[in-house]
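Work through the exercises below with the sequence and the 3D structure at hand. Try each task before reading its solution.

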Amino acid sequence: MQTITILRPDDWHLHFRDNDMLSETVPATARCFKRAIVMPNLVPPVTTTELALAYRSRILDARPVGSDFEPLVTLYLTNNTTSQDIREAKQAGIVACKLYPAGATTNSAAAVEGIEALYPVFETMAEEGVLLLIHGEVTDSHIDIFDREKCFIDQHLSKIVDAFPTLKVVFEHITTKDAADFVLASSVNVAATITPQHLLLNRNDLLVGGVKPHNYCLPVLKRNTHQQALRAVVAAGSEKFFLGTDSAPHEKHAKESACGCAGCYSAWSAIELYAEVFEQLGAMDKLEGFASIFGPQFYGLPVNQDTITLSKQSWDVPQEITLPNGNPIVPFYAGQTLNWKLDV
């Protein structure tokens with residue numbers, strides 16, 4: 001196979017950041033994705049419909065000329081979120097809200113403490129058809145970082161799913177066999193996104209031979225057995241799992257520091273990275289469903305009708321990308337060779 005043409009994909013989980021960084025991150029995603037679910041963990045966080053629509057406008061302003069890329073902005077749930085906030089969001093066309101346990105990831109200090117306190121909000125979301133997107137990790141200091149996803153399932157997610165069977169839930173950027181098994185065993189209203197880094201790497205790629213800061217993300221990379229479980233579910237073509245890069249840019253100095261930021265900036269090679277995985281798995285026939293069909297079906301949105309084509313050609317991911325402020329950013333898989341490239 002020398003080329004593959006698929007329906008135009010969407011990215012169901014990413015971070016654009018804000019302000020001048022948008023002129024880098026938005027074109028990087030718009031080059032191949034038609035839509036993207038945009039995370040709301042800005043400073044300050046996007047907690048209201050008014051803030052979400054203003055953020056959407058800034059993203060649209062950063063699109064390349066002639067681009068039809070559509071950002072799907074989300075609300076950041078806090079303990080102050082009300083059912084009325086959800087109704088206003090739905091009326092404005094906002095399709096999803098994001099649940100971060102406080103302290104789980106970048107800019108999550110304002111997030112939820114005591115998840116049960118949001119049950120009335122979840123009930124309204126179920127009634128209004130607004131999806132709940134979950135960063136599924138506990139943040140208790142005594143819980144090992146490699147166990148936090150499994151503990152979240154046991155302590156919180158299983159209870160949410162049982163209490164609100166009609167609520168559509170996306171278990172974001174899953175990293176473990178436990179998460180994959182939970183999604184597979186759950187109802188049709190539970191799905192998950194999977195990132196390129198969690199399909200391509202495991203914790204050896206983070207820790208062996210010295211810490212690799214540009215492979216550090218949250219949830220953190222897990223052991224090889226979990227990586228293989230994720231690869232198995234995408235190779236099987238289950239409709240419950242779809243593309244979400246969790247592309248998360250940080251300047252090089254913020255990653256290579258005494259307390260480095262979590263996140264992998266994969267946008268400029270995202271679809272090529274997934275193609276690499278599916279070719280390794282001998283499952284190129286499953287790429288279109290994962291990248292282009294299962295996500296919009298779960299969200300209740302139309303599947304894109306235009307296409308993209310990838311060609312078999314080797315190319316190297318850049319070592320660095322220069323941001324508009326002149327500072328460098330190191331992309332995910334920097335300096336490594338990929339075997340598929342988007343035709344442009």
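**Exercise 1.** Which residues of the largest nonpolar core touch the most other members?

Solution. The model is a predicted one.
Step 1: the largest nonpolar core holds 91 residues.
Step 2: within this core, L77, F122, M125 and L132 touch the most other members.
Step 3: helix α11 supplies the largest share of this core, seven residues.
Step 4: another core, of 18 residues, lies apart from it, and L7, L72, L131 and A191 are among its members.

**Exercise 2.** List what M125 is in contact with, leaving aside its neighbours within four places in sequence.

Solution. Contact requires heavy atoms within 4.5 Å. With those neighbours left out, M125 contacts L77, I86, C97, V130, L131, L132 and L167.

**Exercise 3.** Describe how helix α11 and helix α12 pack.

Solution. Two packed helices are described by the distance between their axes and the angle between them.
Step 1: α11 covers residues 270-280 and α12 covers residues 287-299.
Step 2: their axes come within 9 Å and cross at roughly 140°.
Step 3: α11 contributes I271, Y274, A275 and F278 to the contact, while α12 contributes L287, F290 and A291.
Step 4: sorted by class, the contact has seven nonpolar residues, no polar and no charged ones.

Methods:
Residues numbered from 1 in each chain as written. Predicted model: local features only at pLDDT ≥ 70, side-chain atom pairs only at ≥ 80, totals over all residues. Heavy atoms only, no water. Axes fitted to C-alpha atoms, helices over the stretch in contact; angles between N-to-C directions. Helix = DSSP H or I, 4+ residues; strand = E, 2+ residues; numbered from the N terminus. Nonpolar A, V, L, I, M, F, W, Y, C, P; charged D, E, K, R; others polar. Core = buried A, V, L, I, M, F, W, Y, C linked by side-chain atoms within 4.5 Å. Buried < 20%, exposed > 50% of the residue type's maximum accessible area, 1.4 Å probe, protein only.
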